Amino acid sequence: MGGKVLEEKVLQKLEYDQVINILAEKCTSRLGKELALGLKPITVRAEIEIRQRETSVAKEILRLYPEFSLGGLRDLRSCLNKAKKGGVLEPNEFLKITATLSVLRQVKRFFSEKNYPLLEKYVADLPLLAVLEKQIKKQITKEGLVSDRATQELFRLRCRLKNLKGKVREKLDSLIHSPQMVKFLQEPLITIRNQRFVLPVKQEYRSEVAGIVHDQSASGATLFIEPLAVVELNNELDLCEVQERAEVTRILRSLSELVTKDEQDLRRILYSLAKLDLILAKAKLSTLWDCGEPCFNERGYLKIVQGRHPLLSGKVVPITIELGAVFDALIITGPNTGGKTVTLKTVGLFVLMAQTGLHLPAETGTELAVFKNVYADIG
């Protein structure tokens, strides 16, 4: 890793940060974006060339297989941290995990059928965690609810809940349609207050309807009364709901414990797929800017063939420049708005981009040296 090449002041002067921001927008996942925003140029030629080749391979994949995507990748960090601390995950957090595992399975299948070892290495040794995925899909619905069939006990409790609610409604229906009760009601309907089934009774008929008052309207003209005839059924319903919530919590806790066991593997999966996401983003940027992979040397020689500054809009005048062979210093003169600053920035930015693994908007034959330091004094 180089020294001055990483100076923030130089990176900003050469507009490297703007390029990186555009790169981050090309990432599919939140973690991929974060990895992009944390990118800095490196100074080891072998590693630079690997990153450049990865970008080229990813570009070829997207060209030949445009449907290839990491679109289902989710940010699992918060739910993995929660599970690691012994917390109980919510159903939607489990869906994030299965979505990410589904992406991994698709990516591994793709690379098993296609020959791209340079990128396959990112997922080759990652486990599919099929047992965890199967358990989550069995117990959590696609809508983010705990499935009725998650356990026999939950199925039994939910059937009982449905039965009890039916009995309460049936009892109240018979009341609101009885000739004696109709005149006491503000409206012939069943409503809920404090998780209890109640009827809207006119204030002046309070003494005519035996039951428990749970609420009243803002005007005070209506009282919401739970008739004595359904109090016991509502009590049973309350108890059953408590039992059902306890069973749901038990199921979620059990699934959370499975996630805890696989937490380290899930974290590896997340970061490996995010790295792939970043490489694909580099490829998308290369295609967007019509870029190519440059060559590298360590003798201080650079040659840019028809290079175009990537941040300029409209018709960009390309530059061709060579340094480090016949001469190693260059003075550029000319009138204002003649392109002197743009030329300097293009050379500096190309070095930074290339040493980050980004392709360059230039023609074949472009070659750069690997520089330990980059200095810029512009303006």
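Helix α5 (residues 77–84) and helix α12 (residues 263–288) pack with their axes 10 Å apart and at an angle of about 165 degrees; helices here are DSSP runs of H or I with at least four residues, numbered from the N terminus. Axes are lines fitted to C-alpha atoms over the stretch in contact, and angles between N-to-C directions run from 0 to 180 degrees. Helices α5 and α12 are therefore roughly antiparallel to each other, a label given to angles over 145 degrees. The structure is a predicted model, in which local features need pLDDT of at least 70 and side-chain atom pairs count only at pLDDT 80 or more, while totals for chains, interfaces and linings use all residues. Residues are numbered from 1 along each chain as its sequence is written, and side-chain values use heavy atoms, with hydrogens and water left out.

The crossing of α5 and α12 is left-handed, that is, the near helix is turned anticlockwise from the far one by less than a right angle. On the α5 side, R77, L80, N81 and K84 make the contact, and they meet E263, L266, R267, L270 and Y271 of α12, contact being heavy atoms within 4.5 Å. By class, this contact has 4 nonpolar, 1 polar and 4 charged residues. Ala, Val, Leu, Ile, Met, Phe, Trp, Tyr, Cys and Pro count as nonpolar, Asp, Glu, Lys and Arg as charged, and the others, Gly among them, as polar.

A second pairing joins helix α8 (residues 130–139) to α11, at an angle of about 165 degrees and with axes 10 Å apart. That makes α8 roughly antiparallel to α11. Here L132, Q135, I136 and Q139 of α8 face I251, L255, L258 and V259 of α11 in the contact. This contact contains 6 nonpolar, 2 polar and no charged residues.

V259 deserves a moment of its own. It lies in helix α11 (residues 228–261) and is buried at 0% relative accessibility, where buried means under 20% relative accessible area, exposed over 50% and partly exposed in between (1.4 Å probe, protein chains only). Leaving aside residues up to four places away in sequence, V259 touches L80, A83, L89, F94, I97, L132 and L266.

Turning to the cysteines, the count comes to 0 disulfides, a disulfide being a pair of cysteine sulfur atoms within 2.5 Å. For C27, the nearest cysteine sulfur is that of C291, 16 Å away; C27 is buried at 5% relative accessibility. The sulfur of C159 is too far for a bond, because the closest cysteine sulfur, in C240, is 9.9 Å away. C159 is partly exposed, with a relative accessible area of 38%.

Note on methods. Helices (H or I, at least four residues) and strands (E, at least two) are DSSP runs, numbered from the N terminus. Angles under 35 degrees count as roughly parallel, over 145 as roughly antiparallel, 65 to 115 as roughly perpendicular and the rest as oblique.
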